[in-house]
Amino acid sequence: MKVMPPPLLPIFRSESQVKLLTWMLLHPDTEDSISGLAERLGLPWLTVQREAGRLVQSGVLSCGKCVPGPTCSS
């Protein structure tokens, strides 16, 4: 079942994306692994990987802020 974005935040895809973006904006000098972010944010690893990949593809995050993989070639 697809979960709708929070009604107060209609510009974001999901609450998970909001959590990830909030962390990145409040800690711009901190690099972390996908698993580290997942643990820190209380989100499933796969969710963080997907959201980080989407943010890299859209140009919001750089590859220096993600783990190399299908969406990051560093």
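Which residues of α3 are buried? In this predicted model, they are Val48, Glu51, Ala52, Gly53, Leu55 and Val56. These buried residues pack against α1 (15-26) and α2 (34-41), so let us start with helix α3 itself and then look at its neighbours.

Helix α3 covers residues 45-57, 13 residues in all. After α3 comes Gly59, with a positive phi near 90°.

Next, the meeting of α2 and α3. Their axes are 8 Å apart and the two helices pack at an angle of about 115°. The crossing in which α2 passes α3 is right-handed. Here are the residues that make the contact:

| Helix | Residues in the contact |
|---|---|
| α2 | Ile34, Ser35, Leu37, Ala38 |
| α3 | Trp45, Val48, Gln49, Ala52 |

Sorted by class, this contact of α2 with α3 has six nonpolar and two polar residues, with no charged ones.

Finally, the core. The largest nonpolar core has 14 residues, and the members touching the most others are Leu20, Met24, Leu37 and Val48. Each of α1, α2 and α3 supplies at least two residues of this core.

Leaving aside residues up to four places away in sequence, Leu20 touches Leu37, Leu41, Val48, Glu51, Ala52 and Leu55. Among these, Val48, Glu51, Ala52 and Leu55 also belong to the buried residues of α3.

How values were computed: Residues numbered from 1 in each chain as written. Predicted model: local features only at pLDDT ≥ 70, side-chain atom pairs only at ≥ 80, totals over all residues. Heavy atoms only, no water. Helix = DSSP H or I, 4+ residues; strand = E, 2+ residues; numbered from the N terminus. Expected span 1.5 Å × (residues − 1). Buried < 20%, exposed > 50% of the residue type's maximum accessible area, 1.4 Å probe, protein only. Contact = heavy atoms within 4.5 Å. Core = buried A, V, L, I, M, F, W, Y, C linked by side-chain atoms within 4.5 Å. Axes fitted to C-alpha atoms, helices over the stretch in contact; angles between N-to-C directions. Left-handed = near helix turned anticlockwise from the far one by under 90°. Nonpolar A, V, L, I, M, F, W, Y, C, P; charged D, E, K, R; others polar.
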